[in-house]
Amino acid sequence: MGKVWRQMKADIDVIFVNDPAARSVFEVIFTYSGLHALWSHRIAHWLFLRRIFTLARLISQVSRFFTGIEIHPGAKIGERLFIDHGMGVVIGETCEIGNDVVLYQGVTLGGNGKEKGKRHPTIGNHVVIGSGAKVLGSFKIGDGSFVGANAVVLREVPTNSTVVGIPGKLVQRNGTRVDQLDHRIEADPAIELCNQLQREIDALRREIERLKRIGGEKDDDQFI
């Protein structure tokens with residue numbers, strides 16, 4: 001029982017660390033939906049591990065109704081998870097979350113619909129995932145990494161990295177900016193299309209200028 005109380009206290013303390021708007025323990029306990037969802041999940045997960053699946057799922061759905069946060073009872077969650085403004089957060093059944101992770105509003109840790117068994121992501125320790133980000137698939141987000149708001153991540157992210165965009169692109173690793181021309185990084189189709197159009201426009205401009213020069217030379221020849 002002492003371990004449970006220590007864990008609950010750690011859940012409350014991490015809110016004060018991450019949210020400057022938190023004013024009192026009373027306010028945190030009674031008004032923070034992320035905390036309510038986490039505590040409900042702990043009960044549901046305990047039941048899930050003992051194969052009491054229906055009751056576990058029922059608790060999960062009731063928690064979803066009141067908090068707007070859906071955590072499958074099968075998800076494995078580490079210590080001191082902080083869900084800030086958690087409305088719309090979805091955490092899948094085979095998802096694994098490490099310690100000291102921060103999730104913001106609208107985050108989805110889901111599957112891509114093509115896999116059996118382990119089909120949801122593994123989130124390392126000290127990871128921050130921004131509002132609206134989607135992490136889809138059975139790969140790992142490395143320790144200390146940051147996923148930008150509204151990013152769609154479809155492949156593994158190394159430790160201490162920053163990923164942004166749709167699809168997610170690695171832009172920083174170990175504090176150093178990553179060359180966007182690195183062939184190991186998936187190119188953004190929209191940027192590639194814009195670059196191609198720009199090359200075609202430049203080629204047309206050069207051709208127009210060439211034709212103008214030829215036309216000017218012909219006009220000069222007429223006066224000779």
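1. Helices (H or I, at least four residues) and strands (E, at least two) are DSSP runs, numbered from the N terminus. By that count, the protein chain has five helices and 16 strands.

2. A word on the basis. This is a predicted model, in which local features need pLDDT of at least 70 and side-chain atom pairs count only at pLDDT 80 or more, while totals for chains, interfaces and linings use all residues. Residues are numbered from 1 along each chain as its sequence is written, and side-chain values use heavy atoms, with hydrogens and water left out.

3. The chain as a whole. It has 224 residues, and 38% of them count as buried. Buried means under 20% relative accessible area, exposed over 50%, and partly exposed in between (1.4 Å probe, protein chains only). The protein chain exposes about 13,600 Å². Carbon and sulfur atoms supply 58% of that area. Accessible areas come from the Shrake-Rupley method with a 1.4 Å probe; for residues, only the protein chains shown count as cover.

4. An open sheet. Four strands run in the order E2-E5-E8-E11, with parallel pairing. Two strands pair if DSSP finds at least two bridges between them. Strand E2 (76-77) and strand E11 (140-141) stand at the edges. Each has a single partner strand, so one side of each is left without a neighbour in the sheet. E2 pairs with strand E5 (residues 96-97) in the parallel sense, over two bridges. Lysine 76 stands opposite glutamate 96 in E5.

5. A nonpolar surface patch. Ile52, Leu55, Leu58, Val62, Phe65 and Phe66 make a patch of about 650 Å². Like charges are joined within 9 Å, nonpolar side chains (Val, Leu, Ile, Met, Phe, Trp, Tyr) within 5 Å. Leucine 55 lies in helix H4 (residues 53-67). Leucine 55 counts as partly exposed because its relative accessibility is 41%. Phenylalanine 65 and phenylalanine 66 are both exposed.

6. Aromatic pairs. Rings of Phe, Tyr and Trp (its six-membered ring) pair if their centres lie within 6.5 Å; planes under 30 degrees apart count as stacked, over 60 as edge-to-face and the rest as tilted. The count comes to three aromatic pairs. Phenylalanine 65 and phenylalanine 66 form an edge-to-face pair, 5.2 Å centre to centre, with 90 degrees between the planes.

7. Methionine 8. This residue sits in helix H1 (residues 2-18). Methionine 8 counts as partly exposed because its relative accessibility is 23%.

Technical notes. Patch = residues over 30% accessible without salt bridge, like charges linked within 9 Å, V, L, I, M, F, W, Y side chains within 5 Å. Salt bridge = Lys/Arg side-chain N within 4 Å of Asp/Glu carboxyl O.
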